[in-house]
Amino acid sequence: MADPLPNDGEVRIRMRAASLNYRDLLIVSGRHVGGALRNGAPIIPLGDGCGVIDMVGEGVERFQVGDRVIPLMIPNWRSGPVTPAKMAGALGLHTAGLARELAVFDESHLIKAPAYLTDHEAACLACATLTAWSALFEGRGLRPGEVAVIQGTGSVSLALLQFAKAAGLRTIVTSSSDEKLASVRALGAAHGINYRTQTKWADAVRDLTDGAGADFILDMGAMGSLAESLRALRMEGQIAVVGILDGSSALEPAQLLASAARIRGITVGSSEMFNAMTRALTLHEIHPVVGKVLAWTEAPTGFEMLGTGNQFGKVVLEF
């Protein structure tokens, strides 16, 4: 098969690295709603990666050969509120993803990778890191000293912890592993709660906040997590729902009304948000947490690791 060539306004990138996200696991296993595999069609997976431009088409103005770039996972969402039309064309879901050595993109679908990041780190920005940014900063503005509760130690949670620390927020992380709680404390978490030993972890959050409750909670969509998040939240606090771990979290309308909570479902973010995020990343020199690097031919092993939920930090495939 011949190598792809860029047309006018397009560039060709040679992939350097791609990271795995839970979204990708759902897609390749046929469990993602609307995914090509679910509908019986094959798809090249992965939507989060970094490459270097090795060829440019006529009329390209923003990039040149040798630039390191990150493809936008949602290329049609440039700015403003999300719509179904903007969500169309998602990499690795509706269109071919990044599990390939060479890929051609319109130049408007790319972001220049921050120079201080390695290829492995830059490959972690377009999905989990941007989702964390959107969850924390695109809702009601939070002020330094306010309390953010972060469920779990997955890639979105770790990225949000780093952003929250940079913003001066007081962070509380929940996990089923004392070892992982020790790791997040090393990353700057103020407090850790083991939800296996403290199943009513909302009570622990209330104790840590002198009864006031958290200002913000990142909810991962586990069984019963949303109800517990509402118990842990102060009145008119924010809950950002980013996970679909089991999709069976019951919610009592009376509990929602009593909390006056603001609940937002988070769907990654726009290119405008991405640019704002990279400025903040560069200012604070935040490095995504990379847990394991594998050759891209070992992708099945990477997906197995992701499925266990035992890894700490991103699983990255190297090309």
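Me: Is Phe137 buried, partly exposed or exposed?

Reply: This is a predicted model, in which local features need pLDDT of at least 70, side-chain atom pairs count only at pLDDT 80 or more, and totals for chains, interfaces and linings use all residues. Residues are numbered from 1 along each chain as its sequence is written, and side-chain values use heavy atoms, with hydrogens and water left out. Burial is read from relative accessible area: under 20% is buried, over 50% exposed, and in between partly exposed (1.4 Å probe, protein chains only). Phe137, at 31% relative accessibility, is therefore partly exposed.

Me: With which residue does Phe137 form an edge-to-face aromatic pair?

Reply: Rings of Phe, Tyr and Trp (its six-membered ring) pair if their centres lie within 6.5 Å; planes under 30 degrees apart are stacked, over 60 edge-to-face, and the rest tilted. Phe137 forms such an edge-to-face pair with Phe163, at 6.1 Å centre to centre and 70 degrees between the planes. The pair links distant parts of the chain, since Phe137 lies in helix α4 and Phe163 in helix α5 (residues 155–166), 26 residues apart. Helices (H or I, at least four residues) and strands (E, at least two) are DSSP runs, numbered from the N terminus. Phe163 is buried, because its relative accessible area is 3%.

Me: How many aromatic pairs does the structure hold?

Reply: There are four aromatic pairs. One of them is the tilted pair of Trp133 and Phe137, 4.5 Å centre to centre with 55 degrees between the planes. Both residues lie in helix α4 (residues 125–137), four residues apart, about one turn of the helix. Trp133, Phe137 and Phe163 form one aromatic cluster.

Me: At what angle do α4 and α10 pack?

Reply: Axes are lines fitted to C-alpha atoms, for helices over the stretch in contact, and angles run from 0 to 180 degrees between N-to-C directions. Helices α4 and α10 (residues 271–284) pack at about 90 degrees, with their axes 10 Å apart. Contact means heavy atoms within 4.5 Å. Among the residues that meet are Leu130 and Trp133 in α4, and Met277 and Leu281 in α10.

Me: Which strand does β1 join, and by how many bridges?

Reply: Two strands pair if DSSP finds at least two bridges between them. Strand β1 (residues 10–19) is joined by seven bridges to strand β2 (residues 49–56), and the two run antiparallel. Ile13 stands opposite Ile53 in β2. Two bridges also join β2 to the antiparallel strand β3 (residues 68–71), where Val69 stands opposite Gly51.
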